[in-house]
Each structure stands twice: as C-alpha cells, then as structure tokens.
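This report describes selected features of a single chain, with attention to how the terms are defined. Please read it alongside the sequence and the coordinates.

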Amino acid sequence: MAAAELVVKRRAYARVGLLGNPSDVYGGRALSFTIADFSATVCLRPSPELVIQPHPHHDFVAFPSLPNLVNRLQSEGYYGGVRLLMAICKIFYNHCTQNNISLKAENFTLSYDTNIPRQAGLSGSSAIICAALSCLLDFYNVRHLIKVEIRPNLILDAEKELGIVAGLQDRVAQVYGGLVYMDFSKEHMDKLGHGIYSPLDVDLLPPLYLIYAENPSDSGKVHSTVRQRWLDGDEFIISSMKEVAQLALDGHKALLQKNYAELARLMNRNFDLRRKMFGDDVLGSVNIKMVEVACSVGASSKFTGSGGAVVALCPDGDAQVELLQKACLEAGFVVQKINVSSSVLTEEELASLLASHR
C-alpha cells in the first residue's frame, strides 16, 4: 500500500452554542451547531516512533528575545496543541484498555493545524482533540467499537486531564457536526452515561452572524462563583439554570416551526440570564460590548460559548444586517455571516443513532 494511503486526516469544526449554554454543565439542555469556515485539522502518519509534532506557530519554543517570549506568553498563554494531542492519546488508550478493545502495535506521528480564532469562545481546543480522536478511531479501525454518544465524554476527559473546565455541549456538537439538540438531564446521564443527542436539519436555521474581536484583550478574567453557588443550593442560580435549559427546549420547538421571532427572543433571554448569574466582571467588558453593539441595531445576540464571540440574528432582514455590519466596523469588531457545516457522521453512524432513538 502506498504511504499516502496510510495517512489519516480528519477535521473538526468550531461550534456555536445557540441556546441553553451554560446549562449543559448543570444537567440542562442545549442547541448548538458547527461553523464550516473555522476548523482544526489533525493528520496521523505511521512512523517508527510515536511523535507529537509541535505546530510552527501555536507551539513556539524559539524566540528572537526575552521580551518577545514574555509578550507572546502574555497574549496567548502557555498553551499550544501538543498537550491536547497527548491527553487524547492517553484517554483513548485507557478507554480501549478498560473496555478490552485491542489496538495494533504500530506507531504514528500526529500533527495539527487550526484557523479557529483564539480566545473566541468557539471551542478551538476541543476541535483539535475531536479531530485527533477521529484519526485514532480510523488508524486503529475501532470506530465501530466506540459509540458516537461516548466520544464527547472522551474529549471532555482529555480536557479534564489538563485542568480545562467545560461541559459536554461543545464536544457533542463537534463529534456530530451540523445542528444538534442535546438533553443532559441527570436521568439520562445516570442511566446511559451520556445525554440524548438529536441531529437536526441545518436548513431549519435562519441566517446568523458571528461577531468577534480580532485581537481579544478582555475576555472576562474574574473567577466565577456560579458553580459553587449551584453546589451550595443557591435558589437563584438553580432556578436560572433551569430556565436557561428550558430556552433550548423552546428553541428546538421554534426552529421546527421556523418561528424566528421567538428564536430571537430566546437568544436575548439566554444572554440576560447569563449576565444576571455571572455578573459583568466575569463576562468582560469587550464581550458585553459585542452584545450591546448588536442590540443597538435591534439584532438579537448571545455568547457563542462563555465569551469571546457572539452569535447574532437579524429578524428584520437585510437592512438590519447592513446596520449590524456598520455598527461592528465602527466598534472595531469582525462580523461575518455564518456558514453552518453539515453533519460529519457516517451513514452507518447516523442510521445507528436513528435506531437508538426509536
């Protein structure tokens, strides 16, 4: 077999949380989709030794000077993609070992690339891990032995390994691709070990727009107390999270009916509830400004994740879109129409999911 045929290359897309986040961390629900314009690609090549290849830009280890090194760390932190690839290799191997899934004794080299804007709340890190997991599944020919519903858990476990705090929503969206409705209720999680995930037709979505800062500086650096308050039984946090989860359920219904006026109202409410729970210091002034810019022209908007980017809906049509573009330009934000990616699951995987939902 030619060497080129042995190369495995897989892609995972950036995700947008449309409704329900952050209730996915609290046994809630979510509606999310993936964006075709932004993705991470991982390439696996057979090799004599197992090698995790640093990215020439994201994993810098050589600098022109000490001030340059410090500036780089201040703007982008200590984190590149190498640690992400290492973590998913460990989690994948342990999962296979624990579940008696045998793996061939062959090595490989993993490399990656990404064009997902950094610190933009578009799940760039989990996209790299998701693409790497997909490579491993196919290199070892075990895709059929690890259920689609379980794969987001493995990605999340890899991130937990690195101290990354997150929920399942992003990982589900990236494993499935396209538009997905998710139910993370405790009943399902306890019984199945995962939520109920329902792929939807991407054509149900109205035109949506992504707003983000090209050079993010204030993404909300104050530590949130919401998780602890929820654990402590804070009635306001618990009731607010339940309402956020309900927004995803209501949004699912609105999408099926193509009731975009209702969808716009739900998006605004989702942001309002997040702001009340977390507070402006946690959210960050730049993130809030993006929502306020959208609001200034009557567009509905909310964070795509925990901050860094905003998804906007212009219910009044093209004239409103032009106003949004002008307002974002004046505020120094990037705005672009979202190109939603389709499902990345194979026909066999989709058929299996449909059968399990019956």
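Which strands does helix H13 lie across, and at about what angle does H13 run to E7? Helix H13 (residues 318-331) lies across strand E7 (208-212), E9 and E10, and its direction runs at about 5 degrees to that of E7.

## Basis of the model

This is a predicted model, in which local features need pLDDT of at least 70 and side-chain atom pairs count only at pLDDT 80 or more, while totals for chains, interfaces and linings use all residues. Residues are numbered from 1 along each chain as its sequence is written, and side-chain values use heavy atoms, with hydrogens and water left out.

## The four-stranded sheet

Four strands form an open, antiparallel sheet in the order E8-E9-E7-E10; helices (H or I, at least four residues) and strands (E, at least two) are DSSP runs, numbered from the N terminus, and two strands pair if DSSP finds at least two bridges between them. Strand E8 (300-303) and strand E10 (334-337) stand at the edges, each with a single partner strand, so one side of each is left without a neighbour in the sheet. From one strand to the next the twist averages 25 degrees, where axes are lines fitted to C-alpha atoms, for helices over the stretch in contact, and angles run from 0 to 180 degrees between N-to-C directions.

Helix H10 (residues 260-278) also packs on the sheet, touching E8 and E9, and its direction makes about 40 degrees with that of E8; contact here means heavy atoms within 4.5 Å.

E8 is joined by four bridges to strand E9 (residues 309-313), and the two run antiparallel. Lys-302 stands opposite Val-311 in E9, and Ser-300 has Leu-313 as its bridge partner in that strand. Five residues separate E8 and E9 in this hairpin, and Gly-307 in the turn has a positive phi of about 135 degrees.

Thr-114 lies in strand E4 (residues 108-114) and counts as buried because its relative accessibility is 19%, the class being defined as under 20% relative accessible area with a 1.4 Å probe, protein chains only. A polar atom of the Thr-114 side chain lies 3.5 Å from the backbone oxygen of Ser-39, and the Thr-114 side chain also reaches the backbone nitrogen of Ile-116 at 3.1 Å. Leaving aside neighbours within four places in sequence, Thr-114 is in contact with Ser-39, Ala-40, His-58 and Ile-128.

Terms used:
Buried means under 20% relative accessible area, exposed over 50%, partly exposed in between (1.4 Å probe, protein chains only). A polar contact is a pair of N or O atoms within 3.5 Å; within protein, one must be able to donate a hydrogen and the other to accept it, and residues adjacent in sequence count only if both atoms are side-chain atoms.
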